[in-house]
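Here is a short briefing on one structure. Look at the sequence and the model first, then read on.

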Amino acid sequence: MIYLYAFLIGGLICGIAEVIQTLFKLTPGHVTGIFVIVGVFLDFFNFYDKLIEIAGAGALLPITSFGHSLVDAAMKGANEHGFIGIFTGVYSSTSAGIALAIVLSVFAGLFFKPRS
């Protein structure tokens, strides 16, 4: 049953992104930013953890999970180290994903030619 929930909830998140992009004529970058902020708010109100329990990877793979990771790491860092922990917690938790995105972007830029 977890696979069905992952498929439905992950598909719903992606479907909402497509509808927003189409209706409001936004670029993928705008939609990505919006969904990271939505993930931040959902985690701030303790809703995203419940969504992960229900959907598993369906809630962990969309970009909203990055916002959830940022807030979760900042809160844990703040609880452990005070104010400075807000910044160190965020970087220690998300640095691997950010570094991978940068490396893959460089390779994509090297191997693919942009359209004219």
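Is Phe-111 buried or exposed? Phe-111 counts as exposed, because its relative accessibility is 64% and the cut-off for exposed is over 50%. This is a predicted model.

**Phe-111 and its surroundings**

- Phe-111 lies in helix 6, which spans residues 83-111.
- Phe-111 belongs to a nonpolar surface patch. Other members of the patch include Ile-98, Leu-100, Ile-102, Val-103 and Leu-104.
- Val-106, Phe-107, Leu-110 and Phe-112 are also among the patch residues.
- Together, the patch residues have about 1,000 Å² of accessible area.

**Aromatic pairs**

- The structure holds three aromatic pairs.
- One of them joins Phe-44 and Phe-45, with ring centres 5.4 Å apart. The ring planes stand at 80°, so this pair is edge-to-face.
- Phe-45 is exposed, at a relative accessible area of 60%.
- Phe-107 and Phe-111 also form an aromatic pair, and this one is stacked. Their centres are 6.2 Å apart, with 20° between the planes.
- Phe-107 and Phe-111 are about one helical turn apart, because four residues separate them in helix 6.
- Phe-107 counts as partly exposed, with 43% relative accessibility.

**Helix 3**

- Helix 3 covers residues 48-55. Its buried residues are Tyr-48, Leu-51, Ile-52 and Ala-55.
- Viewed down the helix axis, the buried residues of helix 3 fall within an arc of 100°, so they line one face.
- Lys-50 and Glu-53 are exposed on the other side of helix 3.
- Gly-56 follows helix 3 and has a positive phi, near 60°.

**Tyr-5**

- Tyr-5 sits in helix 1.
- Tyr-5 counts as partly exposed, at 35% relative accessibility.
- Leaving aside residues up to four places away in sequence, Tyr-5 touches Gly-10, Ile-54 and Ala-55.
- Ala-55, one of these contacts, is also one of the buried residues of helix 3.
- Tyr-5 and Phe-111 are 106 residues apart along the chain. Their C-alpha atoms are separated by 37 Å.

Key: Residues numbered from 1 in each chain as written. Predicted model: local features only at pLDDT ≥ 70, side-chain atom pairs only at ≥ 80, totals over all residues. Heavy atoms only, no water. Patch = residues over 30% accessible without salt bridge, like charges linked within 9 Å, V, L, I, M, F, W, Y side chains within 5 Å. Areas by Shrake-Rupley, 256 points an atom, 1.4 Å probe, with all protein chains shown as cover. Salt bridge = Lys/Arg side-chain N within 4 Å of Asp/Glu carboxyl O. Helix = DSSP H or I, 4+ residues; strand = E, 2+ residues; numbered from the N terminus. Buried < 20%, exposed > 50% of the residue type's maximum accessible area, 1.4 Å probe, protein only. Arc of directions from axis to C-beta. Phe/Tyr/Trp six-rings, centres within 6.5 Å; stacked < 30°, edge-to-face > 60°. Contact = heavy atoms within 4.5 Å.
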